[in-house]
Amino acid sequence: MKVRSFVEDDRPWATELLSAHMGSARVALRGSLYEPLSQPGFVAMDGGSPVGLLTVLEGPQWWEILTLHAAEPGRGVGTLLIGALADAARRAGLGRLRVVTTNDNLDALRFYQRAGFRLVELRAGAVDRSRATLKPEIPPTGLHGIPIRDEVELEKLI
């Protein structure tokens, strides 16, 4: 597998991937709504086919993973994409990455902690507020039957 930059031609399949995983191609985060496909990102390719997508918010102090999805989890796609992001962030003179997930997403919490991220903040009720004001399509219950209520932020020093 190889990683390359996200380009406009990736938009159709990326929209399908995000919609399948998140219910839409929009992300509610910290009280704001983002269009991840309008942000920079990376695509994992296996042969000539895209198998993963990472989009990023580039900030002055750190870069933040906005979305990270693999067509087939468990193949190392997410790890490869995070590695590419970390390399690019280091080249830009940054020393950390951040990511926010929801309290129900135990698979993501496990994945990011295994990848070296540490829990740095819990925003209790943040998803409830986003559902009420920004993104009504966020379901009330998520993975494993857990109510989706909170944002959980993680950080990795690179």
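Pro60 is exposed, with a relative accessible area of 81%; exposed means over 50%, buried under 20% and partly exposed in between, for a 1.4 Å probe and protein chains only. Pro60 lies in the loop between strand 5 and strand 6. Helices (H or I, at least four residues) and strands (E, at least two) are DSSP runs, numbered from the N terminus. The C-alpha atoms of Pro60 and Ala28 are separated by 21 Å, and the two residues are 32 apart along the chain. The model is predicted: local features need pLDDT of at least 70, side-chain atom pairs count only at pLDDT 80 or more, and totals for chains, interfaces and linings use all residues. Residues are numbered from 1 along each chain as its sequence is written, and side-chain values use heavy atoms, with hydrogens and water left out.

Helix 2 spans residues 77–91. Its 15 residues reach 21 Å from the first C-alpha to the last, close to the 21 Å expected at 1.5 Å a residue; the expected span is 1.5 Å times one less than the number of residues. Buried positions in helix 2 are Val77, Gly78, Leu81, Ile82, Ala84, Leu85, Ala86, Ala88 and Ala89. Their cover includes strand 1 (2–5), strand 4 (41–46), strand 5 (49–58), strand 6 (63–70), strand 7 (96–102) and helix 3 (106–114). Contact here means heavy atoms within 4.5 Å. Just after helix 2, Gly93 takes a positive phi of about 85°.

The largest nonpolar core has 26 residues. Such a core is a set of buried Ala, Val, Leu, Ile, Met, Phe, Trp, Tyr and Cys residues joined through side-chain atoms within 4.5 Å. Leu54, Ile65 and Tyr112 have the most contacts inside this core. At least two core residues come from each of strand 4, strand 5, strand 6, helix 2, strand 7, helix 3 and strand 9 (151–157). Helix 2 gives the most, with 8 residues. A second, separate core of 9 residues includes Phe6, Leu17, Leu18 and Leu53.

Helix 3 buries Ala108, Leu109 and Tyr112. These residues lie on the same side of helix 3, because they cover an arc of only 100° around the axis; the arc is that of the directions from the helix axis to the C-beta atoms. They pack against strand 6, helix 2, strand 7, strand 8 (118–123) and strand 9. Gly116 follows helix 3 and has a positive phi, near 100°.

Tyr112 touches Ile65, Leu68, Ile82, Val99, Phe117 and Leu154, not counting residues up to four places away in sequence. A search of the whole structure finds 2 aromatic pairs. Rings of Phe, Tyr and Trp (its six-membered ring) pair if their centres lie within 6.5 Å; planes under 30 degrees apart count as stacked, over 60 as edge-to-face and the rest as tilted. Phe111 and Tyr112 are edge-to-face, at 5.2 Å centre to centre and 70° between the planes. Tyr112 and Phe117 have ring centres 5.3 Å apart and planes at 70°, so this pair is also edge-to-face. Phe111, Tyr112 and Phe117 form one aromatic cluster. Within it, Phe111 is partly exposed at 27% relative accessibility. Tyr112 is buried, at 7% relative accessible area, and Phe117 is buried too.

Elsewhere, Arg98 lies over the face of Trp62, at 4.0 Å from the ring centre. A charge sits over a ring if NZ of Lys or CZ of Arg is within 6 Å of the ring centre and within 35 degrees of the ring normal.
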